[in-house]
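Me: I want to learn to read an interface, then the folds and sites behind it. Walk me through this one.
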Amino acid sequence: MEEVKDKIVSIEKPELIAPPEWKPVIVGILCNWCSYAGSDLTGTSRTQYPPNIRIIRVPCSSRVDPWFIIKALQTTADGVLISGCHPGDCHYISGNYYARRRFLVTKELLKMVGFHEHRVQFSWVSAAEGAKFAQVVKKVTEDVVKLGPLHLYKKENFSK
Amino acid sequence: MARVGVFVCFCGANIADFVDVPTVVEEAKKIREVKFAVDYKYMCSDPGQQMIRDAIVQYRLTSIVVAACSPRMHEKTFRKALSDAGMNPYLLEVANIREHSSWVHQKDKKAATDKAGDLVRMAVAKSIANEQLHEISVPVTKRALVIGGGIAGIQAALDIADARIPVTLVERSPSIGGRMAQLDETFPTLDCSQCILTPKMVDVASHPFIELIPYSEVIELDGYVGNYKAKIRKKASYVNFKSCTGCGACWQKCPVKVPNEYNMGIDTRKAIYTPFPQAVPNKPVIDAKHCTMLLKGKCGICAKFCEKGAIDFKMTDEVIEREIGAVVVATGYDLWDATPYEEYGVGRYKDIINSLEFERMVSANGPTGGLPVRPSDGKVPKTVVFIKCVGSRDKAKGIEFCSKICCMYTAKHAILLHHKVHDSRAYIFYMDIRAAGKGYEEFVNRAQVETGAVYLRGRVSKIYQKGEKLMVRGEDGQLGQEVEVEADLVVLATAIIPDKENPALARLLGISYDKYGYLSEAHPKLRPVETAKAGIFLAGCTQAPKDIPETVAQASACAAKVCGLFAGDTIKKDPMVSTVNKDFCSGCQNCVKVCPYQAIVTEDIPLGHGAKEMRTVAKINEGVCQGCGSCVAICRSMAINLAGFTDPQIINEIVAI
Ligand SMILES: Cc1cc2nc3c(=O)[nH]c(=O)nc-3n(C[C@H](O)[C@H](O)[C@H](O)COP(=O)(O)OP(=O)(O)OC[C@H]3O[C@@H](n4cnc5c(N)ncnc54)[C@H](O)[C@@H]3O)c2cc1C
Ligand code: SF4
Ligand code: SF4
Ligand code: FES
C-alpha cells in the first residue's frame with residue numbers, strides 16, 4: 001500500500017496559471033475552545049496575517065465532517081485549514097484524536113483523487129498561541145498561492 | 001422567506017479605522033434575505049441593543065446578524081437583546097469582523113473590508129438555517145457525594161451539610177482524617193494538627209446532614225450533572241458497628257502484628273485495629289489480608305473477648321447505591337518513593353527516613369513518644385540533615401513540578417526538632433526557599449533564628465555510611481565549595497504525588513488527569529475547582545500539592561459550587577446538544593463508542609409502524625451531551641445533528657463565501 005501511495009502524484013495541472021486578479025480563498029474550520037480562541041488572541045495582539053482565510057467556528061475539531069472539506073473544495077475554497085486543540089487538551093477530552101484520524105484518511109483520499117496535499121492542512125493551535133495561528137495561516141496561504149486556483153472538481157467546471 | 005437584520009459595529013475606531021463599515025452595510029443590503037442593515041458606534045451599548053430590539057419588531061425579522069467583536073465576547077449580550085424583543089435568542093449569529101478582520105489586516109483596508117463582507121454573508125447564510133432553541137432544564141437530586149475524607153473532604157462535606165444539603169462521604173480507610181491526622185504541629189502557626197482537626201471529624205460523624213460511609217470506595221458512577229447514580233462498595237469490616245462500643249478488647253488481644261500505616265510503618269498494629277485513638281468512626285475493622293481466622297480459619301480470639309458479640313467473620317462486602325447531584329473528589333496525596341535516589345542509599349541505610357515518618361516520630365501520640373530516633377539503634381539524633389526537593393523539580397527522576405509545601409514543613413521540622421532535642425542542630429540542603437504565603441517568610445526566618453538551623457544552598461551528591469554516622473556530601477552554593485555533614489539522621493522531603501488509584505478513579509468518574517495522576521481542573525485560572533465534567537469538583541491535594549489553608553479554601557469553594565448548583569430545582573443547560581433522527585439511524589452504534597461522555601445509549605423501537613419486530617437505534621441523553629459533535633461526524637447515516645452547528649448551518653457558511 002505504501003508503494004502505491006507514493007506513486008500517486010497530483011493531477012492538478014500547474015500550467016493553469018492564475019489570473020492576475022486571483023486571490024485564494026482559504027476556509028478555516030476552528031474548534032471553539034482552542035484554535036478559535038487562539039485566533040481571537042491573534043486579533044487582540046494585533047498580529048497581522050494574510051486576509052484570505054474565512055473562519056468557521058465549530059465546537060470541536062471532531063465536529064468536522066470530511067464532507068465539509070470536500071464541499072469547500074468543490075465550491076468556494078482553494079484550500080482548507082482544520083485546527084483544533086493540542087493532543088490531550090481537547091475540551092471534550094478526546095475529540096481531537098478522532099478528528100486527527102478522520103483528517104488523515106480524508107487527506108489520503110483527496111490525494112488519491114488528485115488534490116495536492118497542501119490544499120488541506122491540519123494544525124494544533126491552543127488558546128494561547130495567537131502568534132502560532134498567524135504563522136499557520138501564513139504558511140497555508142503561501143502554499144495555496146503556489147498551487148494556484150483550484151479548478152479540480154469545481155462545480156462550475158461540471159455545469160459548463 | 002427569511003428576513004434577516006444585519007447590525008455592523010464600529011467598535012469606536014477598533015473596527016471602523018480598518019474596515020469600511022458603510023460598505024459592509026451596503027454589501028449586506030444586496031443579499032436577498034437581508035431586510036434591514038445598519039451600522040452603529042457601539043453595538044453592545046444600550047442604544048445599540050435598542051436598535052436591534054426595535055428593528056426586530058419593525059421589520060419582522062426572523063434572524064439577526066451582528067457584525068462586531070468575537071462571539072466569545074458578546075454573543076450572550078446580543079442573545080439577551082433578542083430575548084428582550086421577544087425573539088428566540090438562538091436566532092442570532094455573530095460575524096467576528098474585529099478579531100478576525102480589522103485587527104489582523106490593518107495594512108489593507110480593502111481586503112479587510114472584503115473579508116468583513118464575506119464574514120457577514122456567511123453569518124447571514126448560517127442564520128437562515130438557525131432554529132429556535134430552548135434552554136434545557138434538568139431536574140437535580142440534592143445530595144452531594146464527597147470522595148475522600150481528608151481535611152479537604154471533611155471541610156467540603158461540612159460546608160455543604162451546613163447549607164442543609166445531604167452529603168454522602170465515602171472514605172477508603174477505616175477512619176476519616178487523612179494525612180492531617182498524622183501531622184504534629186502545623187505551619188505557619190504551630191498549632192497542633194489533631195487539636196484543630198478532631199473537632200471537625202466529630203462534627204462530620206454527628207452532623208444530621210452527613211452520611212459517613214468509611215472503609216468503602218466508589219465503584220461506579222452513571223448519569224450526568226444533577227442526576228448521578230453512584231455505586232459504593234463497603235468493604236466488610238467483620239465488626240458489627242451497631243453493637244460495637246469501641247472498647248478495644250478485641251485488638252488488645254489479637255496476636256497478629258502488621259506494620260502500622262498510620263505511623264508510617266514505624267511500629268505495628270494488630271490485624272483487628274482502629275487506625276488511631278481519635279479515629280472517626282471509632283470502631284475497629286479486621287484487615288482481611290492479615291487476619292488468620294479469615295485466611296486459615298484459625299484463631300477467633302477477638303470474637304471470644306468481644307462482650308458484645310460484634311465480631312462477624314461471615315460479613316461480606318456490600319454495595320450501596322446513592323442518587324446524587326454533584327461529586328466532590330478529595331482523594332489527597334501520597335509521598336513519592338525515593339528509591340531511585342541510589343546515590344543517597346535510600347533503602348540501604350536505615351537512618352534515612354521521609355518527612356511523614358519524621359512527622360510521626362515528633363508527634364506526641366507517635367510511635368516513639370514524641371522524640372525523633374534513629375531507626376537503626378533507637379538513639380536520639382543530635383545532627384539531623386534535611387534534604388528538600390527529593391524527586392521534586394528533578395526532571396531526570398521524572399517529576400518536574402515543585403511540591404510546594406516542603407519548604408514550609410521542613411522549616412517546621414527544624415523548629416520541632418529544636419523543641420524536642422534542645423542540643424540538636426538541623427542542616428537543611430535546599431535549592432530555593434519558597435515561602436510565599438501569609439506569615440510564611442516570617443516562619444522560615446523564625447526557624448533560622450530560633451533554632452540555628454544551617455541552610456545550605458545546594459544539591460546533595462552522595463550519602464555514605466561511616467561508622468554510626470551518615471556522611472552527607474553536597475555543595476554549598478554560597479561558599480562555592482563542597483561540604484560534608486556528619487549526620488545521625490537524614491530526613492528526605494520527597495515529592496508530593498497523587499494517590500496511585502487516581503487514574504482509575506478518574507476513568508470511572510469520566511474526568512481527566514495529568515501525566516502525574518493529578519486530577520485536571522476545567523481551567524487552570526478561571527475554573528480551578530471544577531472539572532470538565534459538569535457537576536464534578538476537585539478539592540485538596542488530588543488536584544495539585546497544597547498546604548492545609550489552601551486545601552480548606554478549595555474545599556469551601558467546592559461547597560459553594562455545589563450549593564449554587566443545587567440552588568434551584570432544575571439546572572439550566574445550553575441547548576446546543578445532539579439529537580438522533582431515528583428514521584435514519586442504522587443502529588451501527590459508532591456514535592456510542594465515540595461519545596466522550598457516554599451520553600449515547602441504545603433503545604429498541606418497532607421496525608416499522610405497528611410492526612412486531614424491533615430494531616436498535618441510538619438515543620442521546622440531552623442532559624449528558626456536552627455538544628462536541630463527535631457523534632455527528634462519525635455517523636454514516638447522517639442521522640445525528642448538533643443544534644447550533646447543524647450540517648445545513650455549516651454548509652451554508654461554506655458555500656456563502
Ligand atoms: C510531612 C508533611 C508535613 C505537612 N505539614 C503541614 C503543615 O504543617 N501545615 C499545612 O498547612 N500543611 C502541611 N502539610 C500538607 C497537608 O498534609 C495537606 O495539605 C493536607 O493533608 C491535604 O489534605 P487532603 O484532604 O487534600 O488529602 P489527604 O489528607 O491525603 O486526604 C485524602 C483522603 O482521601 C482518602 N482517599 C484516597 N483515595 C480514595 C478513594 N479512591 N476513595 C475514597 N477515599 C479515598 C484517603 O484515605 C484520605 O483519607 C504537610 C504535608 C506533609 C507531607
Ligand atoms: S459589540 Fe464588540 S465590537 Fe461592538 S462595540 Fe461592543 S465591544 Fe466593540
Ligand atoms: S455531541 Fe458529543 S457529547 Fe453530545 S452526544 Fe455527540 S459525542 Fe456525545
Ligand atoms: S475542543 Fe478543540 S479540538 Fe476538541
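Me: How many residue pairs are in polar contact between chain B and chain A?
Reply: This is a predicted model. The count comes to 17 residue pairs in polar contact between chain B and chain A, both partners at pLDDT 80 or more.

Me: Which elements of chain B give two or more residues to the side that touches chain A?
Reply: On chain B they are α4 (71-84), α5 (98-102), α6 (109-128), α17 (590-594), α18 (630-634), β34 (640-642) and α19 (647-656). The largest share, six residues, comes from α19(B). By class, that side of chain B holds 22 nonpolar, 13 polar and nine charged residues.

Me: How many salt bridges does the rule find across the interface of chain B and chain A?
Reply: Look for Lys or Arg nitrogen within 4 Å of an Asp or Glu carboxyl oxygen. The rule finds three across this interface. A:Arg54 forms a salt bridge with B:Asp118, and their closest N and O atoms are 2.8 Å apart.

Me: How many residues does each chain bring to the contact, and what area do the chains bury?
Reply: Chain B brings 44 residues and chain A brings 42 residues. Between them the chains bury about 3,800 Å². Carbon and sulfur atoms carry 61% of that area. On the chain B side, B:Arg72, B:His100 and B:Ile654 supply 17% of the area buried against chain A, more than any other three residues.

Me: Now one chain. What does the secondary structure of chain B come to?
Reply: Chain B has 19 helices and 34 strands. Its C-alpha trace spans about 95 × 75 × 40 Å along the principal axes. Of its 657 residues, 54% are buried. Take the contacts between residues at least 6 apart in sequence: 69% join residues at least 24 apart.

Me: Is B:Ser578 buried or exposed?
Reply: The cut-off for buried is under 20% relative accessible area. B:Ser578 has 1%, so B:Ser578 counts as buried. This serine lies in strand β31 (residues 578-580) of chain B. Leave aside neighbours within four places in sequence, and B:Ser578 is in contact with B:Ile620, B:Cys625, B:Cys631, B:Val632, B:Ile640, B:Asn641 and B:Leu642.

Me: Which residues come nearest to ligand 3?
Reply: Of the 13 residues around ligand 3, the nearest are B:Cys595, B:Cys625, B:Cys628, B:Gly629 and B:Cys631. B:Cys625 and B:Cys631 are also among the contacts of B:Ser578. The shell around ligand 3 has eight nonpolar, five polar and no charged residues.

Me: What classes make up the shell around ligand 2?
Reply: That shell has nine nonpolar residues, one polar and one charged. Its members include B:Cys9, B:Cys11, B:Cys44, B:Cys69, B:His74 and B:Arg98.

Me: Where does B:Arg164 lie, and what is its phi?
Reply: Phi of B:Arg164 is near 65 degrees, a positive value in a residue other than glycine. B:Arg164 lies in the loop between α7 (151-162) and β7 (167-170) of chain B. At 63% relative accessible area, B:Arg164 is exposed. B:Gln589 also has phi near 65 degrees. The loop between β31 and α17 of chain B holds B:Gln589. B:Gln589 is partly exposed, at 33%.

Definitions and conventions: Residues numbered from 1 in each chain as written. Chains lettered and ligands numbered in written order. Predicted model: local features only at pLDDT ≥ 70, side-chain atom pairs only at ≥ 80, totals over all residues. Heavy atoms only, no water. Near = heavy atom within 4 Å. Nonpolar A, V, L, I, M, F, W, Y, C, P; charged D, E, K, R; others polar. Contact = heavy atoms within 4.5 Å. Buried area = accessible area lost by both parts, 1.4 Å probe. Salt bridge = Lys/Arg side-chain N within 4 Å of Asp/Glu carboxyl O. Polar contact = N/O pair within 3.5 Å; in protein donor to acceptor, adjacent residues only side chain to side chain. Helix = DSSP H or I, 4+ residues; strand = E, 2+ residues; numbered from the N terminus. Buried < 20%, exposed > 50% of the residue type's maximum accessible area, 1.4 Å probe, protein only.
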